[in-house]
Amino acid sequence: MSAVPPTSVDSPAPPAPAPASSTGSRAARIALVANLVAQIVIIGTGGLVRLTGSGLGCSTWPQCEPGEFTPQLHEASTIHPFVEFGNRTLTGVLTVVALAVAVLVWRQTERPRSVRVLALMPLVGVLLQAVLGGITVLVDLHPAVVGSHMFVSMALVAVSTVLLVRWGQPDGAPRSVVAASTVRLGALLAVLGVAVVALGILTTGAGPHSGDEEVGYRFALDPYLTAKVHALSVWAFTATLVVLVVRLRRGPDRPRRAAAVLLATTLAQAVVGYVQFFTGLPIALVNLHMVAAAVLMAVGTWFLLTMRERTEPTASITAASIAPQG
């Protein structure tokens, strides 16, 4: 009698893929959270530099003054060099955090290459920002350069949010959890969000806060008219968001709740914007408006990402590969 061939039950199970390092994964997540927080905070400190007129507190870059990397305290010292140098110091801290993100995420080789490449973007962006910051000083706070500095910062907040959300997801293919028309509305919301940021930068560039008490060159725009156009873009963004909230009221939990959080954040930011406008642009409120814009960018990015979900990747070993052999 011939021997009975082994069945799939008798066959040893295929080796499971090596699990991710839980310690390394936790460290990477901590670095990702720290990176997002720092990207938002540095927008606040950069705004403080501008609003206190400290943009040229250090006259050169990368040194603060020729032959001196740090500001020197003496009888004629003002607060401006120290405010500017403080922001530069935070840039150094952010560089270290972004480097930690790049190293910790890249070492998680079980994650897709696309995730690990994305983890390099904060570091690349921070280095670009350092160069832009130097150019800003060298061109005496030209509003176009200052504006691009802010725009890149907002983009880094969005990228950092994408990276943090993606890190917490499985690596299967994404699929939409909402209707196609809702996805298109989300895309429109994203476009309007970019317009809101760009018009906000133009409004600031046309306003009184140039970044230095002796530099008066601004965008050749009517500040009042520019502010009104900016407000119209905010209302268009808000109206689109309200439509999304209504459409999602019976949808999946995550996008519905994220839409509600985004709407609350948007309305709070609008209140701050109107109050600062009608109270003569006080420094504290303008700076709060800038930080809130960064928070709004993070929340908006998170909301758009909740419209998709990922599942665990399908096992590559099929039943056929462990079927009985004749």
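Colleague: Which residues does Gln63 touch, not counting residues up to four places away in sequence?

Modeller: This is a predicted model, in which local features need pLDDT of at least 70 and side-chain atom pairs count only at pLDDT 80 or more, while totals for chains, interfaces and linings use all residues. Residues are numbered from 1 along each chain as its sequence is written, and side-chain values use heavy atoms, with hydrogens and water left out. Gln63 lies in the loop between helix H1 (22-51) and helix H2 (80-106). With contact meaning heavy atoms within 4.5 Å, the residues that Gln63 touches are Glu68, Phe69 and Arg88.

Colleague: Is Gln63 buried or exposed, or in between?

Modeller: Buried means under 20% relative accessible area, exposed over 50%, and partly exposed in between (1.4 Å probe, protein chains only). Gln63 is therefore partly exposed, at a relative accessible area of 22%.

Colleague: Which residues form a disulfide, and how far apart are their sulfur atoms?

Modeller: A disulfide is a pair of cysteine sulfur atoms within 2.5 Å, and a search of the whole structure finds one. Cys58 is buried at 0% relative accessible area, and Cys64 is buried at 0% as well. The link of Cys58 and Cys64 is left-handed, with -80° about the S-S bond. The pair is Cys58 and Cys64, with their sulfur atoms 2.1 Å apart.

Colleague: How are H4 and H5 oriented to each other?

Modeller: Helices (H or I, at least four residues) and strands (E, at least two) are DSSP runs, numbered from the N terminus. Axes are lines fitted to C-alpha atoms, for helices over the stretch in contact, and angles run from 0 to 180 degrees between N-to-C directions. The axes of H4 (residues 121-138) and H5 come within 10 Å and cross at roughly 170°. Angles over 145 degrees count as roughly antiparallel, under 35 as roughly parallel, 65 to 115 as roughly perpendicular and the rest as oblique, so H4 and H5 are roughly antiparallel.

Colleague: How many residues of H5 are buried?

Modeller: H5 comprises residues 143-167, which is 25 residues. The helix is mostly covered, and the number buried is 18 of its 25 residues.

Colleague: What is phi of Leu141?

Modeller: Most residues other than glycine have a negative phi. Leu141 is in the loop between H4 and H5 and is buried, at 5% relative accessible area. Its phi is positive, near 60°.

Notes:
Expected span 1.5 Å × (residues − 1).
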